[in-house]
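Subject: Structure handover and findings

Hello,

Here is the structure we spoke about, with the sequence alongside. My notes on what was found follow below.

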Amino acid sequence: MKNVASVYDESSAYAFIRTLSLPSLRPTVIRCVYLIVFNFFLRQYRAAWLPGRVPVSSVDHPLDQKIPFVPSWVTIYLDFIFFWIRMITFLLRRYGRRAFDAVREFVESMGKLYAFAAESYRQNFSTTVRPFYIARPRFFLIHLLDPHLMCIPSLHVMVVIRTYTKFADILRSLNDTENCAALIAEMKQGALAITQAILFVKQHSVNCISAALYAMTRFDPVLFPQAEAEAFAALLFGPAPSAPPAHRPPANSRVRPSAAPRTILPAADVAAVKAHIIDLYRHFLAEGTTAQNWEQPLLNFMRAMPSRYSTFNFSAVTQAK
């Protein structure tokens, strides 16, 4: 068993190499990659290249204007993919064969997560006002690869929530939560940091977070019940939890949650944002109890919002920090 001070110390490349080299994991990984590419990239590009086949709703909220555009958060934002891949590396390197079944189930669930979210996307796309900012190369990559048509529910938030909740669940199944308590806290803080980042880089609206919380409760109500969803939202924009010295990331880290740029919002704005996220989540949840399909509350919400006929927004950035 390998001990590590932080999951962030693990290599993402190792997970790809190791899982693809194992016959017991390779088919699951290939299937997961296919579901991600098809449900996220192909569906969006088809809508961008052939507009009009599926409605597109503008899902911005006035509270979004309370949150500044802060380009320096982009490094944290782009870490959402490596966030869950590093977790796989940690499990394989620490537990070896004992973790094979858990890794297979987690990777399989990640592919299912993308397909689950697509049940909403295939009926109604959604977008927000996203500044056309390419002064930093990472933003150029974002604009190149993401047509920005899948805002509700936010897959970024769904992915990081699935990662931190499943991480704790897997460690419970391996009877190792006590030894890894600091790592579990670190993963949850990472999920919070990435969720905040999507707001600071203007990839999503506050509405999209509520929708993602609701989607995750419907996807796995055992690991992400209402109490956990509301507790997660309540921690947004809060200080990072303290950790023992052995688990504190180095000061020069660029992707760890403690390395997130310090961005302070007025307390009143933070309270308003969190209250809205929780209230809208509760609305979706209440409506979903009588809906025929889990995605119906999200579809009703999007169809009540203004239509967006243009798939791209080239608004200028005047206050980038």
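Which side chain meets that of Arg162 in a salt bridge? The partner is Asp220, with 2.7 Å from N to O. Please keep in mind throughout that this is a predicted model.

Salt bridges

The Arg162 and Asp220 pair links distant parts of the chain, 58 residues apart. Arg162 belongs to helix α7, while Asp220 sits in the loop between α9 (206-219) and α10 (226-234). Both residues are buried.

In total the structure holds 12 salt bridges. Another of them joins Asp146 and Arg130, with 4.0 Å between the closest N and O atoms. Here the two partners come from loops: Asp146 from the one between α6 and α7, Arg130 from the one between β2 and α6, 16 residues apart. Asp146 has a relative accessible area of 9%, so Asp146 is buried. Arg130 is at 6% relative accessibility and therefore also counts as buried.

Some salt bridges share partners, and in this way Glu105, Lys166, Asp169 and Arg172 are joined into one network. Of these, Lys166 lies in helix α7 (residues 155-173). Its relative accessibility is 8%, so Lys166 counts as buried. The side chain of Lys166 makes a polar contact with the side chain of Glu105 at 3.0 Å.

Overall layout

The chain has 12 helices and two strands. Along the sequence they follow the pattern α-α-β-α-α-α-β-α-α-α-α-α-α-α. The chain has 321 residues, of which 55% count as buried.

Aromatic residues

A pair of aromatic rings is described by the distance of the centres and the angle of the planes. A search of the whole structure gives 19 aromatic pairs. In one of them, Phe40 and Tyr114, the ring centres are 6.5 Å apart and the planes stand at 85°, so the pair is edge-to-face. Phe40 is in helix α2 (residues 26-49) and Tyr114 in helix α5 (residues 100-121), so the pair ties together parts that are 74 residues apart in sequence. Both Phe40 and Tyr114 are buried.

Another pair, Tyr45 and Trp49, is tilted, with 5.2 Å from centre to centre and 35° between the planes. Tyr45 and Trp49 are four residues apart in helix α2, which means about one helical turn separates them. Are these two residues buried or exposed? Tyr45 has 19% relative accessibility, and the cut-off for buried is under 20%, so Tyr45 counts as buried. Trp49, at 67%, counts as exposed.

There is also an aromatic cluster, formed by Phe116, Tyr214, Phe219, Phe284, Trp294 and Phe301. Elsewhere, Arg93 lies over the face of Tyr14, at 5.2 Å from the ring centre.

Surface patch

Which residues form a nonpolar patch on the surface? They are Phe132, Ile134, Phe140, Leu141, Leu144 and Leu145, and together they have about 540 Å² of accessible area. Phe132 is placed in the loop between β2 (125-127) and α6 (137-145). At 33% relative accessibility, Phe132 counts as partly exposed.

Toward the start of the chain

Ala5 is found in the segment before α1 (12-21). With a relative accessible area of 33%, Ala5 is partly exposed. The C-alpha atoms of Ala5 and Leu183 are separated by 7.9 Å, although the two residues are 178 residues apart along the chain.

Thr19 is in helix α1. Its relative accessibility is 4%, so Thr19 counts as buried. The side chain of Thr19 reaches the backbone oxygen of Phe16 at 3.4 Å.

Regards

Technical notes
Residues are numbered from 1 along each chain as its sequence is written. This is a predicted model: local features need pLDDT of at least 70, side-chain atom pairs count only at pLDDT 80 or more; totals for chains, interfaces and linings use all residues. Side-chain values use heavy atoms; hydrogens and water are left out. Rings of Phe, Tyr and Trp (its six-membered ring) pair if their centres lie within 6.5 Å; planes under 30 degrees apart count as stacked, over 60 as edge-to-face and the rest as tilted. Buried means under 20% relative accessible area, exposed over 50%, partly exposed in between (1.4 Å probe, protein chains only). A charge sits over a ring if NZ of Lys or CZ of Arg is within 6 Å of the ring centre and within 35 degrees of the ring normal. Patches are made of residues with over 30% relative accessible area and no salt bridge: like charges are joined within 9 Å, nonpolar side chains (Val, Leu, Ile, Met, Phe, Trp, Tyr) within 5 Å. Accessible areas come from the Shrake-Rupley method with a 1.4 Å probe; for residues, only the protein chains shown count as cover. A polar contact is a pair of N or O atoms within 3.5 Å; within protein, one must be able to donate a hydrogen and the other to accept it, and residues adjacent in sequence count only if both atoms are side-chain atoms.
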